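The following exercises concern the architecture of a single protein chain. Each task is followed by a solution in steps, to be read alongside the sequence and the coordinates.

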Amino acid sequence: MRYSLTKNKDMDLQNMNENPLLLTIGAQVRKHRKALRMSQEELALSCGMFRTYLSRIEGGTANPTVQVLESLAIALSIDITVLFDASV
């Protein structure tokens, strides 16, 4: 059975938008960034990423690597496990 790339891509994007783990990670990043009174631009620069990518992480639509999560945790001065805490 063959699937079109467009259909699979749309399905993958829809599933990522609804992924509770990605939403939790994004909420935690946003919460801790705001607690430090950092802008998205400031945090992104300190992590070596584009602001738009950070925005997608905070919105739960990007699937960051462990290395990206580590750099965010270091920049936010938190343990990486905090990013997975669903009790936001």
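**Exercise 1. Fold and confidence**

Of the contacts in the protein with a separation of 6 or more, 58% are between residues 24 or more positions apart.

Solution. 
Step 1. The model is a predicted one.
Step 2. Of the 88 residues in the protein, 31% are buried.
Step 3. Mean pLDDT is 87, and 81% of the residues reach 70 or more.
Step 4. Where pLDDT is low, the predicted coordinates should not be read in detail.

**Exercise 2. The nonpolar core**

Task. Identify which residues have the most contacts inside the largest nonpolar core, and determine which helix supplies the largest share of this core.

Solution. 
Step 1. The largest nonpolar core comprises 17 residues, and V29, L43, M49, L54, I57, L72 and L83 have the most contacts inside it.
Step 2. At least two residues of this core come from each of α2 (20–35), α3 (40–47), α4 (51–58) and α5 (66–76).
Step 3. The largest share of this core is that of α5, with 5 residues.
Step 4. Take L54 as an example. Beyond its neighbours within four places in sequence, L54 contacts V29, R33, Q40, L43, A44, M49 and L72.
Step 5. As a general rule, nonpolar side chains tend to be buried together in soluble globular proteins.

**Exercise 3. Packing of α2 against α4**

Task. Describe the packing of α2 and α4 by angle and axis distance, then list the residues that meet.

Solution. 
Step 1. The two helices, α2 and α4, pack at an angle of about 120 degrees, and their axes are 7 Å apart.
Step 2. On the α2 side the residues are L22, I25, G26, A27, V29, R30 and R33; on the α4 side they are L54, I57 and E58.
Step 3. Sorted by class, the contact of α2 with α4 has 6 nonpolar, 1 polar and 3 charged residues.

**Exercise 4. Buried faces of α4 and α5**

Task. Explain why the buried residues of α4 line one face of the helix, and carry out the corresponding analysis for α5.

Solution. 
Step 1. In α4, the buried residues are L54, I57 and E58. Viewed down the axis of α4, these buried residues fall within an arc of 95 degrees, so they line one face of the helix.
Step 2. The cover over the buried residues of α4 includes α2, α3 and α5.
Step 3. The buried residues in α5 include V68, L69, L72, A73 and L76. Down the axis of α5, its buried residues lie within an arc of 135 degrees, so they too line one face of the helix.
Step 4. The buried residues of α5 pack against α2, α3 and α4, while the face turned away from the buried side carries the exposed residues V66, Q67 and I74.

**Exercise 5. Positive phi**

Task. Locate R37 and S77, and decide whether R37 and S77 are buried or exposed.

Solution. 
Step 1. In general, most residues other than glycine have a negative phi.
Step 2. R37, although not a glycine, has a positive phi of about 55 degrees. R37 sits in the loop between α2 and α3 and is exposed, with a relative accessible area of 77%.
Step 3. S77 likewise is not a glycine and has a positive phi of about 55 degrees. S77 lies in the segment after α5 and counts as exposed at 66% relative accessibility.
Step 4. G60, which follows α4, has a positive phi near 80 degrees.

Terms used: Residues are numbered from 1 along each chain as its sequence is written. Side-chain values use heavy atoms; hydrogens and water are left out. A nonpolar core is a set of buried Ala, Val, Leu, Ile, Met, Phe, Trp, Tyr and Cys residues joined through side-chain atoms within 4.5 Å. Buried means under 20% relative accessible area, exposed over 50%, partly exposed in between (1.4 Å probe, protein chains only). Helices (H or I, at least four residues) and strands (E, at least two) are DSSP runs, numbered from the N terminus. Contact means heavy atoms within 4.5 Å. pLDDT is the predictor's confidence in each residue, from 0 to 100. Axes are lines fitted to C-alpha atoms, for helices over the stretch in contact, and angles run from 0 to 180 degrees between N-to-C directions. Ala, Val, Leu, Ile, Met, Phe, Trp, Tyr, Cys and Pro count as nonpolar, Asp, Glu, Lys and Arg as charged, and the others, Gly among them, as polar. The arc is that of the directions from the helix axis to the C-beta atoms.
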